[in-house]
Amino acid sequence: MAESYGLWALVPTAVVLLLAVTTHRALESLLVGILVGVLIIDPSTILTQLADKSLAVMTDEDVAWIILVCSLMGSLIALLIRTGATRVFVDRVAVRVTTRAKALLMSWGLGVALFVDDYLNSLAVGTSMGRITDKFKTPREMLAYVVDSTAAPISVIIPISTWAVFFGVLLEDADVVPKGEGIWLYVEAIPYMFYAWIAALMVPLVVSGYVPLIGPMRRAQIRADESGACIPPGAEHIAKTYQAIQEKEGAESSLWLFIGPMAALVGFTWYFDLDFLKGIYVTLAITVMLILVRRTLTLEDTFNTIIDGVKTMIEPLAVLVCAFLLKEVNDGLQLTELVIHWVSPMVTAETLPLMVFLVMGVVAFATGDNWGVFVISIPIVTALAGNLGADMVLVVGATLSGSTFGSHACFYSDATVLTAQATGCTPFQHAYTQLPYALIAAALTALLYWLI
């Protein structure tokens, strides 16, 4: 079945990781890994494979959704910067924030408040809090850790989110539960999504110093303390993407021009059955009308800013498209099925949750994709759980935990790439400094699944 390529299926991902560690560059590493993958599949049809797989990725509904959402969020953020709304928000918040820990805890609190979608969480909190944390010589890698460890974990454990809706439908499609009951199985599994709970709760412990800074994060903090360089070397171009959008001179803004769109985005996303794309469309339209009615910007300036906002997302979207292309290659190599096939003979009903957590973590890390992996793995994992008589609620919790961990550890996952872009560091810098904390949370999670 999944043994046609054997160990060769692991080579493209291994090449990507080796190059990333060597070069600290995501896009180039992914492109080489993709090329190696198509060579393994069939060296005589390289161009055909690249063309077909590229078209498959670019016409995929999930990829199109990500491109639209991220582009429109870039436009909204650009408008808030250009009108001065972000500056007013930062000034108001800065009055109440007097220490580094308070700044980071406020970032954590905002992340909890914006629970409906992890993309919204990463982009909104990351772009708005950078200038505040800079005042206290906080490395952007630390802000990225706080944002990323709040975004997906909070969206996972609060069932009124895009994650819950998507996963509930998958459970119904896999015939695990009757139609309309997928969300309730998801809710039952929330207490067992151990990684999400631990990752989110570790943030205030790290920020407050109860869990010390470790390895690369400690070195990043020393750099910021000694030189004042909050933005890490090599990431200056990312910071410049937002610095290129300047507040209009003499713009009369207000705090409500920042809070209103953010509240509207949450509210409309909720109103449209957690459809973030519809929420951002309506929010952007309302924001544009407010700007024009208040005459904060001219019509030409408004739409030029919208285009400039889309431009800020080009680099992270290029990385994400390549990550999806690598996933397409790995699907051709049957990587997910291969890993599950290798592990299946070694599991029992008691050990299945632990093995699911570990395997899903490895697969999500290798592919850089959560939702796409779910589509393939959920039918296999739930069928295995049914055959073994394992606790389905516990298995669902382990599946979500594993994918969240894999996403945190992977430098080219959507969460890592977007958080890095929003906070002003490269995806590799963010993933590398976050990895020790992700591994601590993963070790504690594995222990809990082993003991339960």
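Reader: Which helix gives the largest share of the lining of the largest cavity?
Author: That helix is α19, which supplies five residues of the lining, where a helix is a DSSP run of H or I with at least four residues, numbered from the N terminus. This is a predicted model, in which local features need pLDDT of at least 70 and side-chain atom pairs count only at pLDDT 80 or more, while totals for chains, interfaces and linings use all residues. Residues are numbered from 1 along each chain as its sequence is written, and side-chain values use heavy atoms, with hydrogens and water left out.

Reader: And which helices each supply at least two residues there?
Author: They are α18 (335-343), α19 (352-367) and α20 (371-388). The lining consists of Ile340, Val343, Ser344, Val347, Leu352, Met355, Val356, Val359, Met360, Val381 and Leu384, each having an atom within 4 Å of a cavity point.

Reader: What lines the second largest cavity?
Author: The second largest cavity, with a volume of about 50 Å³, is lined by Ile77, Leu80, Thr86, Ala124, Thr127, Ser128, Phe258 and Met262. The largest share of this lining, three residues, comes from α7, and the lining as a whole divides into five nonpolar, three polar and no charged residues.

Reader: Switching to helix packing, at what angle do α6 and α8 cross?
Author: The axes of α6 (residues 100-113) and α8 (residues 140-157) cross at roughly 25° and come within 9 Å, the axes being lines fitted to C-alpha atoms over the stretch in contact, with angles from 0 to 180 degrees between N-to-C directions. The two helices are therefore roughly parallel, a term for angles under 35 degrees.

Reader: Which residues make that contact?
Author: From α6 they are Leu104, Ser107, Trp108, Gly111 and Val112, and from α8 they are Met142, Leu143, Val146, Thr150 and Ile154, contact meaning heavy atoms within 4.5 Å. Seven of the residues of this contact are nonpolar, three are polar and none is charged.

Reader: Are α8 and α21 roughly parallel or antiparallel?
Author: The axes of α8 and α21 (residues 392-409) come within 11 Å and cross at roughly 160°, and the pair is therefore roughly antiparallel, which is the term for angles over 145 degrees. Their contact is made by Asp148, Ser149, Ala152, Pro153 and Val156 of α8 with Leu400, Thr404 and His408 of α21, and these divide into four nonpolar, three polar and one charged.

Conventions:
Parallel < 35°, antiparallel > 145°, perpendicular 65-115°, else oblique. Nonpolar A, V, L, I, M, F, W, Y, C, P; charged D, E, K, R; others polar. 1 Å grid on protein atoms, 1.4 Å probe; cavity = no way out; pocket = protein on both sides within 12 Å on 5 of 7 lines; lining within 4 Å. Points joined across faces, edges and corners; volume = space filled by probe spheres on them.
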